[in-house]
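Subject: Structure handover

Hello,

Here is the structure I promised to pass on. Please open it next to this email and follow along.

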Amino acid sequence: MFRSRVATLGAAALVLTACGGGGGEAPQKKTELSLYNDKGAWTKYFDEMGALSKQSIGLSIKPTGYTDSAQYQAFIKASFRTDVKPDLFTWQTGGMLEEIVKQKQVADTSAIWQEAIKAGDLSQDLMPYYTVDGKQYCVPMNVAYWGMFYNKKIFDQYGLKPPETWDDLIEVAETLKRNNVKAFYHTSVLFSFVWFEQLLAGTDPDLYDRLATGQAKYTDPGVVQVMERWKQLIDAGYFINPGDKTDPGDVLKNGKAAMVSFGTWFNTSMTSRSMKAGTDYDFFVIPNVNPALPKTSMIFESGPLCSLTKAADPEASTRYLKWWTTAEAQQKWAASRGDVSANPKVTIDDKALGAVTKDAGGGEYRLVNRYFEATPPPILTAALDGFSKFVTEPGTYMEVLQTIQQAADEYWSTHQ
Amino acid sequence: MLGRFRYGYVAPAVLLVAGLLYAPFVWTAYLSFTRYDGLESPAWIGLDNFVKLFDDAALLTSTRNTLIWVVGTMVLPVGLGLLVAVLSYDIKGGAWFRVPFMLPYALSGAGLAMVWSPILSHDGVANRLLGVDTAFLQDSPYNTLAMLLVWTWQQLGVNTLLFVVGLQSIPKEPIEAARLDGASGWRLFRHVIWPLMRPLTAVVVGLALVAGLKTFDIVWVLTQGGPGRNSETLAVTMYKETFVSSDYGYGSAVAVMLTVVTGLASYLYLKRQVTAT
């Protein structure tokens, strides 16, 4: 009886050992990597990249796209404490990246950066966005420059040309208004910050940077003036209703608004609607509000592609990130989406976007980190809610600034 | 024999409920006393999150909106459900009359938004049909009222169905007796039918009370609690604080408060109904 029980226990132990992970095992060798991302609409493009990488380096990817960024971030954070870990995942630069790097969750990519810069596949200018305490983490999944997409047919109809100065832009808006066409798109959902960052960066980019690092307050006169200018533009009737739920791609295509300010990734929305660059729509760099500034401020964003320190197959993940930075991968990634690339060797088919990329790389503009990444998450949440309130009730701008500053005071009291 | 294994029979259910219901509840209650961003270990801060609840202007708006939802849910879907049930009951083809009210119940929250978003948006069908220029989903508290109407549209059918079942289960004798005594119309309903339906009404109103207190999906898909935070309910605030702001501690405090309020309201309501019955 006793022997049979011992034998049963022994067998159970063997089964459990076989089922368990075993801490001392060698990492598994993967040929397909999971890629979690918050760009659900880009699954098709990730699939195309997976097919190319399989040919080139023998590694394919299986994208899992989320469309709700809050759910996505909660999932990624939870995955740090569980065995369900992504091999690769997209994230945000700025405070969000710092937050997970400090938890020692993100794999160091300093070697990839050094090599890519040496080979001319990445620009040195991008490095600060990916550097935390002197080391690099992740690689650029995408880069985007922000400007104004405009409906070329409407511009042609009223004899309008892309503006060279802020006054020109207002003149264009005024002409459109006279012809019962709304000049600009804006929204109360998520991208409510767009006009705030554009007006502040184009008025005083130093103040923009100081605000992002807690050295200036949202209630400072410079920021208040920006809100007052924004209010004037809304009061002048240049914007469509911020509660309009029409997709901004359709807004521009249908001429509901003649101009939509977004990053170069918005080009994908245009091409996917069978619109032709240079004929149906075009792109211009938004002139500074303050003409005395030495360079035109241009909003810039870069989204990282990361791997974990405890990835199932760290070698495969690293190999993939390294391949992602190469000209071969980036040419495909940029061409399929009709967007610009982090790799300076990539040629951009779209004339306007190609010129912007070239000029930005040549130091023509003062690149300003997008508000979404530049602002610490708790302040950003308050600001997005605040700007959302402001665009529907412009008279509340002081109340909005005070509410955001309250969140900023709370954050910077423990994060200086 | 049965006595020896009796715990074994209930163990799977007990373990599932304990693991999937009670454990998260205890964990949430613990988190409400901590500062936790989902990454670092939770840091004990005592009652700070609960003190903050009383000093949060956004929470005041959420509480006001939740109250509108509770009252609105009990009045509109329940009241109109009762009306449709009474009007369609006992008439020829009454079941067909109720079908259009039932169909929207089959829609999910996201489907509901897909249907109503283009209707209520600024450039939407409602404004064009009415010939007005109203921001149905923007101005507070009208956006909450507009969403409440959408909710009524969806929930009316199921309440109607419940009331019809209630009407069918009423014993015929008291009604016949009342009719013989000359009661009809409103008097018959008020003094005979309504009291007989009381047990079912208690359940329907109780369900509506809980549904109103935990309103989330319809607000999330139509306005995400905005613009600003002016259409947030307590459940939306809980979600936003936890998953958007990554303030798991404060979000948990809102969750605990919402649980206590829902539990207390349900208990008091049901106790009153039981006592009255």
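At what angle do helix 2 (residues 43–57) of chain A and helix 14 (residues 327–337) of chain A pack, and how far apart are their axes? The angle is about 155°, and the axes are 10 Å apart. Angles over 145 degrees count as roughly antiparallel, so helix 2 of chain A is roughly antiparallel to helix 14 of chain A. The crossing of helix 2 and helix 14 of chain A is right-handed.

One caution before going on: this is a predicted model.

**More on that helix pair in chain A**

Look at the side of helix 2 of chain A first. It brings A:Tyr45, A:Glu48, A:Met49, A:Leu52 and A:Ser56 to the contact. Helix 14 of chain A answers with A:Glu328, A:Ala329, A:Lys332, A:Trp333, A:Ser336 and A:Arg337. By class, this contact of helix 2 with helix 14 of chain A holds 5 nonpolar, 2 polar and 4 charged residues.

A:Cys138 is not a glycine, yet its phi is positive, about 65°. Find A:Cys138 in the loop between strand 5 (135–136) and strand 6 (139–151) of chain A. Is A:Cys138 buried or exposed? A:Cys138 has 29 C-beta neighbours inside 10 Å, so it counts as buried.

A:Ser274 also has a positive phi, near 55°, and is a residue other than glycine. Its loop runs between helix 12 (267–271) and strand 9 (281–284) of chain A. A:Ser274 has 8 C-beta neighbours inside 10 Å, so it counts as exposed.

**Chain B as a whole**

Now turn to chain B. Its secondary structure comes to 13 helices and 2 strands. The C-alpha trace of chain B spans about 75 × 75 × 30 Å along its principal axes. Chain B has 277 residues, and 34% of them count as buried. Take the contacts in chain B between residues at least 6 apart in sequence: 68% of these join residues at least 24 apart.

UniProt, in an unreviewed entry, lists residues 63–269 of chain B as "domain: ABC transmembrane type-1". Over residues 63–269 of chain B, the chain is 75% helix and 0% strand. The end C-alpha atoms of that stretch are 19 Å apart.

**Where chain B meets chain A**

How many residues of chain B are in contact with chain A? There are 19, and they touch 22 residues of chain A. On the chain B side, the elements that give two or more residues are helix 5 (109–120) and helix 12 (234–244). The chain B residues that touch chain A divide into 7 nonpolar, 10 polar and 2 charged.

Stay with helix 12 of chain B. Of its 11 residues, 11 are buried, so helix 12 of chain B is largely enclosed by the rest of the structure. Among these buried residues are B:Lys240 and B:Glu241, as well as B:Leu234, B:Tyr239 and B:Phe243. After helix 12 of chain B comes B:Ser246, with a positive phi near 55°.

Helix 4 (residues 94–102) of chain B and helix 7 (residues 142–168) of chain B have axes that come within 7 Å. These axes cross at roughly 140°. Helix 4 and helix 7 of chain B are therefore oblique to each other. Helix 4 of chain B supplies B:Arg98, B:Phe101 and B:Met102 to the contact. Helix 7 of chain B supplies B:Leu156, B:Gly157, B:Thr160 and B:Leu161. Together they make 4 nonpolar, 2 polar and 1 charged.

Check the loop between helix 6 (125–130) and helix 7 of chain B too, where B:Pro141 lies. The peptide bond from B:Ser140 to B:Pro141 is cis, with omega near 0°.

B:Leu209 sits in helix 10 (residues 198–213) of chain B. Why does B:Leu209 count as buried? The reason is its 21 C-beta neighbours inside 10 Å, since the cut-off for a buried residue is 20 or more. Leaving aside neighbours within four places in sequence, B:Leu209 is in contact with B:Val70, B:Met74, B:Ala265, B:Ser266 and B:Tyr269. B:Leu209 and B:Thr73 are 136 residues apart in sequence, but 7.1 Å apart in space, C-alpha to C-alpha.

Best wishes

Terms used: Residues are numbered from 1 along each chain as its sequence is written. Chains are lettered from A and ligands numbered from 1 in the order in which they are written. This is a predicted model: local features need pLDDT of at least 70, side-chain atom pairs count only at pLDDT 80 or more; totals for chains, interfaces and linings use all residues. UniProt positions are given in the numbering used here, feature names are shortened, and annotations may be inferred rather than shown by experiment. Helices (H or I, at least four residues) and strands (E, at least two) are DSSP runs, numbered from the N terminus. Two residues are in contact if their C-beta atoms, placed from the backbone, lie within 7 Å. Ala, Val, Leu, Ile, Met, Phe, Trp, Tyr, Cys and Pro count as nonpolar, Asp, Glu, Lys and Arg as charged, and the others, Gly among them, as polar. Axes are lines fitted to C-alpha atoms, for helices over the stretch in contact, and angles run from 0 to 180 degrees between N-to-C directions. Angles under 35 degrees count as roughly parallel, over 145 as roughly antiparallel, 65 to 115 as roughly perpendicular and the rest as oblique. A residue is buried if 20 or more other C-beta atoms lie within 10 Å of its own, exposed if 12 or fewer, and partly exposed in between; C-beta atoms are placed from the backbone. A crossing is left-handed if the near helix is turned anticlockwise from the far one by less than a right angle, and right-handed if clockwise.
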